[in-house]
Amino acid sequence: MLNPAPRPLWALLALITAAVALASLVLTPWLELEPCHLCIFQRTLFMLMALLAALTAALSYPDWRRLGARLTAFIFLGLAVFGSGVAAYQSWLQWQPLDEVSCIGGQPGPIERLVEWLGQQSPVLFMASGFCEDKQLVILGLSLANWAFLVFIGTLAAGAWALWRSRHPIHS
């Protein structure tokens, strides 16, 4: 039975989330995609999760640094939960009939304000120019928001298991 140790699993989670963020950065100009505020926000969450997973892997030692590893692991899990909610909301928007709902129109919320501010700081990484309800790229019948949801849920499950495993080691 496959039973990886927590530290390599956190390193793998760092690589996966970094790869998703990098793929988002590469695919956007290459395929001429117009990312929306929710897309950019999810990209930002994946970047933060990559950093947190790498820190968790680096701090996973049996001494005082283990507390830091638990803290970064819990923050990682919180971001995965939040990201899955954002991706699920964007997926819901995309499943609605055309021109029936939109993420544009009202007062900007905290996500939109954050993404606008990040876009002013680094337009290459964070400039939002699309609409959340648009499915610009569909792979195997799933939009990028659907795929992001699956990755957030997968990283949440793997991270929760790694955190549980670090507290309850399995002896062979």
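Reader: UniProt positions here follow the numbering in use, feature names are shortened, and annotations may be inferred rather than shown by experiment. Which residues does UniProt list for "transmembrane region"?

Author: The unreviewed UniProt entry lists residues 9–28, 40–59, 71–92 and 144–164. This is a predicted model, in which local features need pLDDT of at least 70, side-chain atom pairs count only at pLDDT 80 or more, and totals for chains, interfaces and linings use all residues. Residues are numbered from 1 along each chain as its sequence is written, and side-chain values use heavy atoms, with hydrogens and water left out.

Reader: Switching to packing. At what angle do α1 and α2 cross?

Author: Helix α1 (residues 6–30) and helix α2 (residues 37–59) cross at roughly 155 degrees, and their axes come within 8 Å. That makes α1 roughly antiparallel to α2. Axes are lines fitted to C-alpha atoms, for helices over the stretch in contact, and angles run from 0 to 180 degrees between N-to-C directions. Angles under 35 degrees count as roughly parallel, over 145 as roughly antiparallel, 65 to 115 as roughly perpendicular and the rest as oblique.

Reader: Which residues of α1 meet α2?

Author: Among them are W10, L13, T17 and L25 in α1, which meets α2 residues including F46, M49 and A53. By class, this contact of α1 with α2 has 16 nonpolar, four polar and two charged residues. Contact means heavy atoms within 4.5 Å. Ala, Val, Leu, Ile, Met, Phe, Trp, Tyr, Cys and Pro count as nonpolar, Asp, Glu, Lys and Arg as charged, and the others, Gly among them, as polar.

Reader: What about α2 and α4, at what angle do they pack?

Author: α2 and helix α4 (residues 110–121) pack at about 75 degrees, with axes 9 Å apart. That makes α2 roughly perpendicular to α4. F41 and T44 of α2 and L114 and L118 of α4 are among the residues making the contact.

Technical notes
Helix = DSSP H or I, 4+ residues; strand = E, 2+ residues; numbered from the N terminus.
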